[in-house]
Amino acid sequence: MPLRDLTAWILENPTFQAAYRRVMIESAQDELPVAAQRCTADVSAEPHDWSYLLLTASVLAAADDSQVSAAACHDAALRIAQFCLSRGAPTRQTALSLNAASRTADVSVMAGAEGGEAGVPWSDLSNGPTETQRTAAANVLDQLANRPAIALAARRAMLPDALETRLPLPARIEWVRRRLEHSVALADDTALPVNRFQRRFWSDLEAHDWLSVSAPTSAGKSYIVTRWVIDLLQQRPGALVIYVVPTRALITQVEADFRALVAASGLRGVEISSVPLARRVDASQSAILVLTPERVHMLLTAAPDLVATALIVDEAHKVGDGHRGVLLQQVIERVTRDAPESKVLFASPLTSNPELLVADAPPSRSRTSFTSREVTVNQNLIWVNQMPRDRRAWDVSLCLADRIEALGQLTLPATPDGSRKTLAYIAHAMSGNGIGNVVYVNGANEAEKVALLLYELEGEGRVLDPRLKPLIDLTRKTVHPEFALARVLTRGVAFHYGNIPHLIRTEVERLLSEGAIRFLVCTSTLVEGVNMSCRAIYVRGPTKGAGTPMSAEDFWNLAGRAGRWGKEFQGSVVCIDTDQPRLWGPDGPPRRRALNAMRRTADSVVARPDDLLAFISAGTPRNTAVKRPDLEFTFSYLMTQHLRGESIRELPWTRRLDPDAVDRVAEAIGQAAEGLQTPLSVIERNPGLSPLAMDALLRRFGNARRDVAELLPADPSSNDALESYRGVIGRTAAELNAALGPTGRRTNALALLISRWMKGRPIARLIADREHWERQQDRPKSLPTIIRTVLADVEKIARFEAPRSLACYTDLLRVFYERVERPDLMARVPADFHLMLEFGVSIPTQMSLIALGMSRTSAVLLGELLTNDTMSEADVVRWLSGGGWREADLPELVVREVDQVLARHLV
């Protein structure tokens, strides 16, 4: 029987289905706490037939990737092998103890943790598979090219020593053959171990100019991409790699990964930076720039002659993410237009049409795309629903694509009387004593309140983990002594949302991965590419945005964080109250991971043009632009193309749309372009802002009744900065970007925030300023609300809306001063507004500190110790190496960050 037919026969065979059903149920039950009552009805109590299971797993593991059922075959083989290795643990607590131990590579410390049997080696446990069968399970994992899972099992003492020597000779030969087959040769004459997906990924990268690859979150895309970049630099000294990430939240991890790999490779003179400064790039020096789309645009504006050797777009499906998708598309087109010979790579989660992203490659460039369903970690989709008439009793089930399997019942110690308590109580009860728990909530306010509930549930008896003390200290000093994060951390609980300062957020992520944080309550930043691994994710009616049910695509992207490859054998996504339709939208909770089709935002807007045409016809009103930024970004993009002399009818992507819709939009763009007063150069420098709104601001400058010098933004350190920015923000909000309004009290609050943010004031000082301002109002807000509001305003206004708006304001001001023949004022217009706002500093010395790789928090605190405000990066390194700063009372995490920077720059 051909292998293709044999694997299909196995999957459909009733004997296998019955045996595999037990494996799925029991492996999922292993994730339940000891306090849960397991269901045993309709599940055989007979011992598992390990020989049969491992034989079928070996056949399934050999399924060819071209088979439709290959993913199901590999998933089953992986689950059987990992279940065999983990079977035999006396209690779940012992497993969790060893689980925690493997994270710190010190099993002996954790083996006697509470609830477990101290020092019991896995091979001595009764009622489990034999040592030979465990060895066979490892062989199945090797068939799947899943070496990280084998290494994880070895770290957890699930495998015998000298595993390879215990294999029969034929199996040992195959083991060696697969090791050679599943590796790629590097430029430094070493070999990189890879899985099947990664081997194809690497081969296609080598063979083609443009590549779009789509695979699950835990397939190992980032692993192969980062190592390919290092290999490229080994072969091509002086190469410039632009690595685009969707949000600032992902920059630190990618940058750190590259630094570690460069150091390990022995490469010298490689610039790794996330700061879009032209001076950071030297044509004779290799460089890896990890940038958001906004920062790529800043860089290319400052250094238009840069030519990228390679462009890598991570989370490339974000081309469909509203207005930011339009900006990403523009950035991709600009980089590839300026560097037509560059290598271009798009990486995205599971999608059905990755070819969309390479469809517009130049005809002379080879292109390819593929989607892989490669399974590296098993995931359990678990549903938890209240049992009839008893709020404390909950039914726990395993949700499969075609059926629901009962796992057990959970009795809560108290009655949850609201949505927050329901989520917190079940997450706490389901976690047992385990680490790596992420609780997903629908906003910053919810994150804090659910974290406080978990803090109370953990109780007063929990001993403070000493690894948490530096983070608690930093939080109290740099945000507020009463910030809720500092309190919940004392019991191993944390919350995480995008507005929290960078240094705090990254430390939270690190401590979660180390197991020091047991519960992390997280918002949609976890969907935006933050690459945190965890054991279980708990969700209840998840949304993305106010009241908008989370899409299936985002749900599975979120779920992919549970059970990261090489760190867990399986992960669980626990969905609560799945029987409540109002929580999960019209389609209910997702049950089956499906391939979703990508669609670029610009394509969608033009394909259904009525809203865009109405927006243009109305003169691009500012209030509509705030509600529908995708319309404004698309209009700006198309207008730029039109003014550049490139008919939008001839754009590669518009040729795939309805010609009538494209013609209507082209005509509207042409009419709107008539009489524009704003130069094309300014429109190109400021994507996402309507050229018609730019004209309106220019007219407002011309109608100024006061001295036109008063239009100038003051230096942030000037005594009259607050008054100056009231005027600047008021004019900008009225004509250019209503997101900076409404005028009145809001304008005053934002003027204070923006001027002091650029001045380099610490977050704690900005919060104190807002506290003072709120006390003067008729209805002052609570402290937690003030803290969240300031953090949100910093992230959304000071670091996004203000940079793009005020940078445009200053560009237009130069045009105006030139037209009224005031070169004296033109010379005084600030040149780096976008940088001052993006990074929250205006002093060159502080920017040098950030350019070296420090967070704003560290740069601001160190800046307070320096009297010279014009120091270069080299000057700063010399000053830091002197060590005088160590006498200051700096938080421990700041000291650690400075030491890391010095270690890199003093080599």
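A residue counts as buried when its relative accessible area is under 20%, exposed when it is over 50%, and partly exposed in between (1.4 Å probe, protein chains only). Keep that in mind as you explore this predicted model, where local features need pLDDT of at least 70, side-chain atom pairs count only at pLDDT 80 or more, and totals for chains, interfaces and linings use all residues. Residues are numbered from 1 along each chain as its sequence is written, and side-chain values use heavy atoms, with hydrogens and water left out.

**Confidence**

- The pLDDT is the predictor's confidence in each residue, from 0 to 100; the chain averages 88, and 93% of the residues score at least 70.
- Helices (H or I, at least four residues) and strands (E, at least two) are DSSP runs, numbered from the N terminus.
- Strand E8 (residues 310-313) has the highest mean pLDDT among the elements of the chain, at 98, while helix H6 (residues 107-110) has the lowest, at 26.
- Over residues 89-126 the pLDDT is below 50, and this stretch has 63 contacts (heavy atoms within 4.5 Å) beyond near neighbours in sequence in the model.
- Where pLDDT is low, the predicted coordinates should not be read in detail.

**Salt bridges**

- A salt bridge is a side-chain nitrogen of Lys or Arg within 4 Å of a carboxyl oxygen of Asp or Glu, and the whole structure holds 62 of them.
- One of them joins arginine 324 to glutamate 294, at 2.7 Å from N to O.
- Arginine 324 belongs to helix H14 (residues 322-338) and glutamate 294 to helix H13 (residues 293-302), so this pair ties together parts that are 30 residues apart in sequence.
- Arginine 324 is partly exposed, with a relative accessible area of 22%, whereas glutamate 294 is buried at 17%.
- Aspartate 417 and lysine 421 form a salt bridge too, with their closest N and O atoms 3.5 Å apart; here aspartate 417 is exposed at 60% and lysine 421 partly exposed at 28%.
- Aspartate 465 meets arginine 467 at 2.8 Å, N to O; aspartate 465 is buried at 17%, and arginine 467 is partly exposed at 31%.
- Elsewhere, shared partners link Asp142, Arg147, Glu174, Arg177, Arg178, Glu181 and Arg199 into one salt-bridge network.

**The sheet and its helices**

- Seven strands make an open sheet with parallel pairing, in the order E6-E7-E5-E8-E9-E4-E10; two strands pair if DSSP finds at least two bridges between them.
- Strand E6 (271-273) and strand E10 (367-371) stand at the edges with a single partner strand each, so one side of each is left without a neighbour in the sheet.
- Strand E5 (residues 240-244) pairs with strand E7 (residues 287-291) over five bridges, and in one of these isoleucine 242 partners leucine 289 of E7.
- H13 packs on the sheet, touching E5 and E7.
- H14 packs on the sheet as well, touching strand E4 (210-214), E5, E8 and strand E9 (343-348).

**Aromatic rings**

- Rings of Phe, Tyr and Trp (its six-membered ring) pair if their centres lie within 6.5 Å; planes under 30 degrees apart count as stacked, over 60 as edge-to-face and the rest as tilted.
- The count comes to 13 aromatic pairs.
- Phenylalanine 197 and phenylalanine 201 are tilted, because their ring centres are 5.5 Å apart and their planes lie at 45°.
- Both lie in helix H10 (residues 196-207), four residues apart, about one turn of the helix.
- Phenylalanine 197 is buried at 2% relative accessible area, and phenylalanine 201 is buried at 0%.
- Phe701, Tyr809, Phe816 and Tyr817 form one aromatic cluster.

Methods. Axes are lines fitted to C-alpha atoms, for helices over the stretch in contact, and angles run from 0 to 180 degrees between N-to-C directions.
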